[in-house]
Amino acid sequence: MKVNRKKLWVGGTTAFALTIVVFAAVGGERQGGASELGTPLSSPAGITLQPLNMAQGYGLDSITAAIIPWDNIVYADSNGMTLYTNDMNPPEHSTCVEECASIWLPALASVSTEAFGEWSIIDRDDGTRQWALKGKPLYTYIKDVDVGSVGGNSPKRYGRGPNIGERGRALGPIADDVPMPAGWHAATFFPVSDRLLPPGLTINHVPDAAGLVLVNDVDQSLYVFLGSPNEDSSACDTLCDWTPVVASQLAAPIGDFIPIARNDGISQWTYKGLGLYTYAHDLLPGDANGDGVDSNWQVAHITRHYMPEGVTIQESLRLGKVLANAQGQTLYERDAYIFQSGSGHSLRRGIPIRPAVGRDLGTAALCRVECEKWHPFLAPAEANPQGYWDVYTRADGGRQWAYQGYALWTYDGDKEPGDINAQDDWDMTIFAAYEDSDTIVDIGTRYDGVATLYWTVAVP
């Protein structure tokens, strides 16, 4: 499969241009589907993934626009509302009924949905079917009103401005945190804290691999070899790019990880019976350049993210892996950028992904140059939100795929797979507001600084 990266910015006054990067996976693994290694998808149909708090894209002044990390991601329903578990529920049974169920709403599964992996479906006393994760029933919270909320605390409470939640203004007050009701916990997707791992190994999000992956102590992606570790050298060229992950001579098995003694004298970690390796051409955290190099070597996935059918991942010349449609055309996002942020715009993964900005912009192209060359990436009538993918309804009634909050588009100017000819295409800039001005222009999201809308490729 191939992967893509994305950039986003928020801007706001007079003109705009947008450059978008989108991410997708070849062929689109279906609900419950697994990779060659039996790796499950991160969520079933109707269950999405959402970053919490400021990572949604609020508080976008000149400083926070550049430093928003995605360090806490939760499972959410199809509307992006955070899912929760309760300590009082016994495994595979919901005791939250009547008054409780009017505050904590069960996350319902459709009749056609099937359980898989750690995802199960329980039958409630009222005849409905409720999702459970690792045996724990899932709920939304009636006090959450915005995507990215947790425990009734909206991400907008971190906003900058005269009113909490406005973006791009002078530093404003921060609302008090409301404690989580006793016994309730957000259903966290990342970081992963309940897995048994050998010393020095962790689980991280690897964009190039479109999922959660085992990494070493310097965040290099790990791979498995589909064969005996004592035969790995026969699968290499003259100079092998694959290095075994060394285990201590005194290392003991832990969970799915077992150390083995190789014929060359090295003690090596294995995962689910397959030897673990690093790849010499992975130079930065998030790289998975060994993915697809040879069918004998595969990324050591913990989970894979859902990809719609017809979405592929292509290698571009300057930005690495990008999302594309079935014909290899790069997928783009319409984004907004505030010039004062200084956050590495146009660099690979240089701009934080801000789903709230994409939702604000919606399905309007808002272009004024070559508009006829831009086409929405349409979703089929039966498509459902899943993982990082949403489905937006267009003004004409059509349905459009959105990735991490951003509606996706193709560009007629891209002729070959991997082309990114519209990357950083700035076709509108807004100059109406300055620091000494009270002018605020709303282009999907509100700003009081010089801003631009642009097209950017979608990346994982």
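Is Lys373 buried, partly exposed or exposed, and at what relative accessibility?

## Lys373 and its partner

Lys373 counts as partly exposed, at 27% relative accessibility. In this predicted model, the residue forms a salt bridge with Glu370, and the closest N and O atoms of the two are 3.3 Å apart. Glu370 is itself partly exposed, with a relative accessible area of 29%.

## Salt bridges in the whole structure

Side chains of opposite charge can pair when their charged atoms come close. A search of the whole structure finds 4 salt bridges, one of them being the pair formed by Glu370 and Lys373.

## A link between two loops

Lys134 forms a salt bridge with Asp194, and here the closest N and O atoms are 2.1 Å apart. Lys134 lies in the loop between strand 7 (129-133) and strand 8 (136-137), whereas Asp194 lies in the loop between strand 11 (188-190) and strand 12 (202-206), so the pair ties together parts that are 60 residues apart in sequence.

With regard to accessibility, Lys134 counts as partly exposed at 43%, and Asp194 likewise counts as partly exposed, at a relative accessibility of 47%.

## A buried and an exposed partner

The side chains of Arg394 and Asp396 also meet in a salt bridge, with an N to O distance of 3.7 Å. Asp396 is exposed, with a relative accessible area of 61%, whereas Arg394, at 18% relative accessibility, counts as buried, because the buried class covers values under 20%.

Terms used
Residues are numbered from 1 along each chain as its sequence is written. This is a predicted model: local features need pLDDT of at least 70, side-chain atom pairs count only at pLDDT 80 or more; totals for chains, interfaces and linings use all residues. Side-chain values use heavy atoms; hydrogens and water are left out. Helices (H or I, at least four residues) and strands (E, at least two) are DSSP runs, numbered from the N terminus. Buried means under 20% relative accessible area, exposed over 50%, partly exposed in between (1.4 Å probe, protein chains only).
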